[in-house]
Amino acid sequence: LPSTSTPDELDCSIAATLSVIGDRWTLLILRDVFRGVHRFGQLHDDLGIAKNILSDRLGKLVDSGVLDQVQYQQRPPRSEYRLTAKGKDLSPALVALMHWGDRWYAHGGPPTVLVHDVCGTPLEQVTRCPTCIEEIAPAHIGSRPGPGDPTS
């Protein structure tokens, strides 16, 4: 966790996650990197973001281990940004945010449909119990203290 973590962030995985990716620009940068936009100039042009903000957010994503900065040119030095394993693990969260936005804000239908690249079928996102192999509705999701619970 970043050194600026509050006690609540240490006890809550959602708060800890938001301390790394919890602003609009960071999520849009990640969306673009997942779509194959890797270079500073391309991200700047695609997002219309101020260069200082883009530089700050990319630095935070690199520092937190979500992106790697990889040099692709020596003169002048130029880098691109690639997802780490930690960054790739954010895919389901971004897909969930997209599906939520499609349902509640895309009144004419989704602007983009995510599909399986092999067969072209639109993707679903479900929460499934690995033991029962059943899809679980939000009303049937419970919780219990985990191994990192400080009160255990």
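Me: Over which ring does the charged end of R39 sit, and how far is it from the centre?

Reply: In this predicted model, the charged end of R39 lies over the ring of Y72, at 3.6 Å from the ring centre. A second case involves R24, whose charged end sits over the ring of W25, 4.8 Å from its centre.

Me: How is a pair of aromatic rings described?

Reply: Such a pair is characterised by the distance of the centres and the angle of the planes.

Me: In which sense do strand 1 and strand 2 pair?

Reply: As a general idea, side chains in a regular strand alternate between the two faces of the sheet. Here, strand 1 covers residues 67–73 and strand 2 covers residues 78–83, and the two pair in the antiparallel sense over six bridges. Together they form a hairpin, with four residues between the strands. Within this pairing, Q69 stands opposite Y81 of strand 2.

Me: At what angle do helix 4 and helix 5 pack?

Reply: Helix 4 (residues 40–47) and helix 5 (residues 51–63) pack at about 125 degrees, and their axes are 10 Å apart. Angles from 65 to 115 degrees count as roughly perpendicular and those over 145 as roughly antiparallel; the two helices are therefore oblique to each other.

Me: Is the crossing of helix 4 and helix 5 left-handed or right-handed, and which residues meet there?

Reply: The crossing of these two helices is right-handed. From helix 4, the residues F40, L43 and H44 meet K51, L54, S55 and L58 of helix 5.

Terms used
Residues numbered from 1 in each chain as written. Predicted model: local features only at pLDDT ≥ 70, side-chain atom pairs only at ≥ 80, totals over all residues. Heavy atoms only, no water. Lys NZ or Arg CZ within 6 Å of the ring centre and 35° of its normal. Pairing = 2+ DSSP bridges. Axes fitted to C-alpha atoms, helices over the stretch in contact; angles between N-to-C directions. Parallel < 35°, antiparallel > 145°, perpendicular 65-115°, else oblique. Left-handed = near helix turned anticlockwise from the far one by under 90°. Contact = heavy atoms within 4.5 Å.
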